[in-house]
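Student: I have a model open and I'd like to learn how to read it feature by feature. Can you walk me through it?

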Amino acid sequence: MKKKVKITILPNKKLCPKGIKIYGNKGENLCDVLIKNNIKIKHACEKSCACATCHVIIIKGYKNLNKIKQKEIEILENAWGYEKKSRLSCQVFLNKKNIKIKIPKYN
């Protein structure tokens with residue numbers, strides 16, 4: 001049996017007001033795991049790394065995720081609330097380590 005990866009989501013007024021803990025599998029796409037767990041994060045470009053609507057900030061576990069690519073960096077630089085540890089959830093693949101994320105107010 002695969003060990004589940006815990007994803008702690010900090011409170012977001014619209015998407016999960018109280019915050020939540022959800023679980024995914026190593027190798028799964030973060031955006032897909034969020035959607036599968038009824039976190040209605042926007043993904044206007046259908047997860048093709050062409051917009052920033054699925055922008056998240058990795059509070060804990062950033063170094064354990066797949067390496068960020070230049071195209072993702074360029075998209076993120078225009079995202080509302082961009083931070084040093086911002087990622088597009090459609091480009092993040094879970095590793096075996098738990099993560100904690102924040103979904104910006106405007107996504």
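This is a predicted model: local features need pLDDT of at least 70, side-chain atom pairs count only at pLDDT 80 or more; totals for chains, interfaces and linings use all residues.

Student: Which residues does V5 touch, not counting residues up to four places away in sequence?

Tutor: V5 touches I22, Y23, G24, N25 and K26, and also L94, N95, K96, K97 and N98. V5 itself is found in strand β1.

Student: Is V5 buried or exposed?

Tutor: The idea is to look at relative accessible area: under 20% is buried, over 50% is exposed, and partly exposed is in between. V5 has a relative accessible area of 1%, so V5 is buried. For a C-alpha distance, take V5 and E28: they are 23 residues apart along the chain, and their C-alpha atoms are separated by 9.6 Å.

Student: OK, on to the sheet. What should I look for?

Tutor: In general, strands of a sheet pair through backbone hydrogen bonds, either parallel or antiparallel. Here 5 strands form an open sheet with mixed pairing, and the order is β2-β1-β5-β3-β4. At the edges sit β2 (20–25) and β4 (86–88), each of which pairs on one side only. On average, neighbouring strands of this sheet are turned by 40° against each other, direction ignored.

Student: How many bridges join β1 to β5, and how many join β3 to β5?

Tutor: Strand β1 (residues 4–9) runs parallel to β5, with 3 bridges joining them. In that pairing, I7 stands opposite I99 in β5. Strand β3 (residues 55–60) is also joined to β5 by 3 bridges, but these two run antiparallel. There, I58 stands opposite I101 in β5.

Student: Which residues of β5 are on its covered face, and which are on the uncovered one?

Tutor: In β5 (residues 99–102), I99 and I101 make up the covered face. The uncovered face has K100 and K102.

Student: What is K105 in contact with, leaving aside its neighbours within four places in sequence?

Tutor: K105 is in contact with N12 and W80.

Student: Now salt bridges. How many does the structure hold?

Tutor: For these, look for a side-chain nitrogen of Lys or Arg within 4 Å of a carboxyl oxygen of Asp or Glu. The structure holds 3 salt bridges. One of them joins the side chains of K36 and E28, at 2.6 Å from N to O. K36 counts as exposed, at 53% relative accessibility, while E28 counts as buried, at 18%.

Student: And which residue forms a salt bridge with D32?

Tutor: That's K47, with the closest N and O atoms 2.4 Å apart. The pair links distant parts of the chain, 15 residues apart: D32 is in helix α1 (residues 30–36), and K47 is in the loop between α1 and β3. D32 counts as partly exposed, at 34% relative accessibility. K47 counts as partly exposed too, at 31%.

Student: Where do E72 and R87 lie?

Tutor: E72 forms a salt bridge with R87, the closest N and O atoms being 2.8 Å apart. E72 lies in helix α2 (residues 70–76) and R87 in strand β4, so their pairing ties together parts that are 15 residues apart in sequence. E72 is buried, with a relative accessible area of 3%. R87 is buried as well, with a relative accessible area of 1%.

Methods
Residues are numbered from 1 along each chain as its sequence is written. Side-chain values use heavy atoms; hydrogens and water are left out. Buried means under 20% relative accessible area, exposed over 50%, partly exposed in between (1.4 Å probe, protein chains only). Helices (H or I, at least four residues) and strands (E, at least two) are DSSP runs, numbered from the N terminus. Two strands pair if DSSP finds at least two bridges between them. Contact means heavy atoms within 4.5 Å. Axes are lines fitted to C-alpha atoms, for helices over the stretch in contact, and angles run from 0 to 180 degrees between N-to-C directions.
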